[in-house]
Structures are given as structure tokens and as C-alpha cells.
Amino acid sequence: MAASPQNPAASAPRRKVSRHRGEGQWAAGHFTPLNGNEQFKKDDDGLNVRTRIETIYSKRGFDSIDPNDLRGRMRWWGLYTQRRPGIDGGKTAVLEPEELDDRYFMLRVRIDGGALTTQQLRVIGEVSQEFARGTADITDRQNVQYHWIRIEDVPEIWQRLEAVGLSTVTACGDTPRVMIASPVAGIAEDEIIDATPALVEMKRRVLNNPAYSNLPRKFKTAISGSPLLDVVHEINDVAFVGVRHPEHGPGFDVWVGGGLSTNPKLGVRLGAWVPIEDVPDVYEGVISIFRDYGYRRLRNRARLKFLVADWGAEKFRQVLEDEYLGGRKLVDGPAPEQPAQQWRDHIGVHRQQDGRFYVGFAPRVGRVDGATLTKIADLAEAHGSSRVRTTVEQKMIVLDVEQDRVESLVEGLEALDLTARPSTFRRGTMACTGIEFCKLAIVETKQRGSTLIDELERRLPDFDEPLTINLNGCPNACARIQVADIGLKGQLVLDDEGRQVEGYQVHLGGALGLEAGFGRKVRGLKVTADELPDYIERVLTRFRAERTEGERFAAWTARASEEALS
């Protein structure tokens, strides 16, 4: 058929018409699994793997584990395979998973709100010593993380933990993970509102609940009534921040859509004030939106932050109210106020509401061990306390200490190298797991962070400005590199002799709080691991020479020349 003005397509080449698959949103009817992760979740709920671990894998050993359980569903109970020793960072991205896997596991104990009794802490320490070669790192989400766990020992570990009210359920996986909260909830004198009742009800509703055990990806939660904004609320999927409404009194401001990794986004306010009794309903609504509308087609777009970025806060709030709160309209409310201090980690000695004191102290980059944890439990009890806390800065707190016993406790902590009066560098340095155990890592972090603390304390003994230094072993930002004053993203770099060595890309001037923002990357600035102390000393020396009165490091880096930052 000849082409004509009436039929111009007659001579045009045929175009293949493909049907758009959408983003894999259940609410749009896209239930067909679009990737391997969605398929294994559809095949079997990750919560069900516990039975197989207890009845099959722990009895038959590592080789009996189904691959979809090994690298998928076992995460629903806090288990990841750890990195096989001896594999350098250059091979991280090129080896197959089974080549990276060791026959041992990382096991994550979830500690919602960082709340522990001394009895629980002692059991964590005993499990570490008996089953984990002494490992027990404190994470920046208030958990404790073991390594060297054998599958044969997992049922016994669960029994020990659960006997004192602890769990590993949904500590990993595409689930509602640990709910971080102010470690001094119900305790601090300056608290706006105690979030504990809401946290308890949120856990009751969603943990171990099949209705929320198949989310598009992980879901991170934060809640705090502290005016210090002490739970990094801007980088969680949902956060409830204590505020005072001018008419309704204390309640919570709601934030959604925060997250870091390779596509960092700060959370946005919904502009809604929520009373404490309604927080669990709103929480359940937000997590249900993620389950139903979240993007499941591509794993790298499956976090809530991408949906929030596409929808915007106004539409998200409307869907929440209309579809998940039964048409109930939320009350408009105020934003949080600027914190009165820069440090938000509760380090040092502080008076409680009841007149007693809590004492916050600093391990080195979260690295402790089981023996130390049992000693902390003993020390706390010897000073009249039965409660301790972990923080989102990889630190710890002992609660309920009488005034006349505070100094003795501080001295006891110092004897364990757990100072309540840390230097800026001990206080402000964090590190992720790194290449020692993590299969995603490219460089070492924990020991390097500890060594860096010692070097900077020696070189700059009088530096006392608030400063955060965060070391990460890969681009995934578990140690929050983009929002640190000095963020160090691990990668392989070339040294002066052209050799490929461990090093870091540098991010400068990141921050959280009401002046939140991501750090600045100086063009071409990469530092070898060996050069790291020299580089940081050089930059901090220039900062002190050039800063104006009261100027913070982040503000200085925003205006400093690239030469000054190099």
C-alpha cells in the first residue's frame, strides 16, 4: 500500500510496541515479581526461614542451606554471611556471591530505642564470648552486631537472647528494621515528650507480622521527643520528632523519605502534628504506603525516598489521610526548633528528671567485645544501675546513677578505655564494619578509625570544636559519610608511585539538624589510607587559622577554597 497524506504510516517502518511494566507497585496491580528478590519473597515469607534454620540447617550444617535462604530470607532473622578472609577490596565487585561468602555469619541483635537492662547486656556479652569469638560491635542504629556465628549455634543463641527479651527478628531484610529512639526517653530533664509508649505499640503492631514482612526494601524508623534531635531523623524512611504545638501541646512532627546510600535524600516534613496516641496509626499508614505503592521493579529505586521524591509531601500526606487513616485529617503543626547544642550524643554526666544522673561514654568507633560488655553490666550494677542504653553515634549510656557515685563510675569506665570525657576525635569518629567482615566493603575501617583517633589526639591535643569524622568501607554510607563534617568513602586509589592502595574519597561539611545538608566533594580529592592523618591535620589547622568567630567547620568548608581543602 502506497503512502498517502491520509495514511502516512503506510510506508513508515513498524515500531515495536512494548507494554510499560510500571514500577512494580502492588497498588497499581503489579504483583508479578520483576526481579529475583521479589520472586523469593513471593515464594516464601522470610519469617518462615526460622523453622528451617532450627530443624534443618543447624543440624545438617552450612552446605544444606538453600541459596535463596542463605542470601535472602535468613536476613529476616538478622543473619548475613560475612566476607571470606583474604579477599582484597579490588575483588569485591567482580566475584560471585558464593566466592565472597564465608561459612560464618554476622548476626544482628535489634535493640529498639537502644534500651537494655544490665541482665540483657550481660547475656549479649556472654553470647559474644561463647559463640562469636568475642565480637560485639555497637552500630549507628543502636544494635549490637556479632561475627563468626556458625549456623549450628544459631538456635541456642536465639534461646539465650529471647530468654531475656531480646530478638533478631527483622533486624535485616526488606522489613521494618530496628526502631531507633532517644536513648534518654523518659529520663532527660529537657525532654519535650516521652515517645516510649508509642514505640512499644509500634513494635507490637509490625514486628513478626506477615502484613509487613514483604516490603520493597528495608524500612528505617526513628522517634524521639528530645530537643537535641538525637535520632538523625532526616535520613530515615519515617521519623517522628518531638515538638510543642501552640494549641495542642507536646506531640510529634512527621518526616518521610530520608535515606543515604548512593542516592542520598533528606527526609521531608509532612507539616503534620500528631499526638502520641495517634503515632502508631500514622506509622502503620506510612509503612503500608511503602508496601503498597513502593517501587519493586528495580532494587536501586525500591526505597521510600524515591516514591516521596516523585509524589511530594502534599500528595503523600493526602494518600496517608484518605486511604490509610480512614479520611481522618491530620493537624497542621510546627517544625522542630534548632537544638541548643551541637553535640547530640548524650556523652558526659547529665541530670535526670528524678534527680539521679546518666553517664554517656565513648567506645572507639563502636568496637567493643563481649568481655567488655559484661564488665559494663557489672560496673553499672555496682553503682546502683540496672539500665544501659546504646546510641545512634555508636556510644553507650549508664542510667540511674546517684550523684555521689558518678565519679566512681566515670573512673571505672576510664579503666575499661571507655571515657565519659572523650576528645573531639574519640567522640566524633564513627566507622562501619569495613572489609574485615563486610562483603560489600573495599577498604578497612574499624582499626583505621581507632588509629586515626590516636594520631589526631597526639597531633592536635587542644582541638575542642565539635567535629564528626565518619569512615565508610564502600559507597553505601552505612556510616553516614555524606552528613559528616569529614566523610570518608572507601575506595582504591593510586599512591605517589602509581600503586593501587586503600584510600578514601573525601566529603566535607555535611550536617544534620535544621541546617542539614550533604558534604562537599572537592574535585579530584582522594586520600590514601596512609595519608589520612596528615590530610585531616592539615585541613583542621587551616580551619582554625581561617575561621571567623563562632564559625562551624561545615560553614567554613562551604566558603573555603579548594586549595584550602586539599
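**Helix packing and buried residues in a predicted model**

Student: Are H5 and H6 roughly parallel or roughly antiparallel to each other?

Tutor: H5 and H6 are roughly antiparallel to each other, a label for angles over 145 degrees, with under 35 roughly parallel, 65 to 115 roughly perpendicular and the rest oblique. The model is predicted, with pLDDT of at least 70 required for local features and 80 or more for side-chain atom pairs, while totals for chains, interfaces and linings use all residues. Residues are numbered from 1 along each chain as its sequence is written, and side-chain values use heavy atoms, without hydrogens or water.

Student: At what angle do the axes of H5 and H6 cross?

Tutor: The axes of H5 (residues 118-131) and H6 (residues 154-162) cross at roughly 165° and come within 10 Å. Axes are lines fitted to C-alpha atoms, for helices over the stretch in contact, and angles run from 0 to 180 degrees between N-to-C directions. Helices (H or I, at least four residues) and strands (E, at least two) are DSSP runs numbered from the N terminus.

Student: Which residues make that contact?

Tutor: From H5 they are Val123, Ile124, Val127, Glu130 and Phe131, and from H6 they are Glu156, Ile157, Arg160 and Leu161. Contact means heavy atoms within 4.5 Å.

Student: Which residues of H6 are buried?

Tutor: Val154, Ile157, Trp158 and Leu161 of H6 are buried, that is, under 20% relative accessible area, with exposed over 50% and partly exposed in between (1.4 Å probe, protein chains only). Down the axis of H6 they fall within an arc of 100°, so they line one face of the helix; the arc is that of the directions from the helix axis to the C-beta atoms. They pack against H2 (49-60), S1 (79-83), S2 (101-109), H5 and S5 (144-149).

Student: S5 again, then. Where is Trp148, and what is its phi?

Tutor: Trp148 is in strand S5, and its phi is positive, about 65°, although it is not a glycine. Most residues other than glycine have a negative phi. Trp148 counts as buried, at 18% relative accessibility.

Student: And what is the phi of His346?

Tutor: His346 also has a positive phi of about 65° without being a glycine. The residue lies in the loop between S11 (331-332) and S12 (348-351), and counts as buried at 5% relative accessibility.

Student: Changing topic: how far does H14 reach?

Tutor: H14 (residues 446-459) has 14 residues and reaches 20 Å from its first C-alpha to its last, close to the 20 Å expected at 1.5 Å a residue. The expected span is 1.5 Å times one less than the number of residues.

Student: Which of its residues are buried, and which are exposed?

Tutor: In H14, Lys446, Gly449, Ser450, Leu452, Ile453 and Leu456 are buried. They fall within an arc of 160° down the axis of H14, so they line one face of the helix. Gln447 and Arg458 are exposed on the other side of H14.

Student: What do the buried residues of H14 pack against?

Tutor: They pack against S4 (137-138), H13 (424-428), S16 (429-431), S17 (469-472) and H15 (532-546).

Student: At what angle do H9 and H10 pack?

Tutor: H9 (residues 304-311) and H10 (residues 313-324) pack at about 105°, with axes 6 Å apart. That makes H9 roughly perpendicular to H10. Leu304, Val308 and Trp311 in H9 meet Ala313, Lys315, Phe316 and Val319 in H10.
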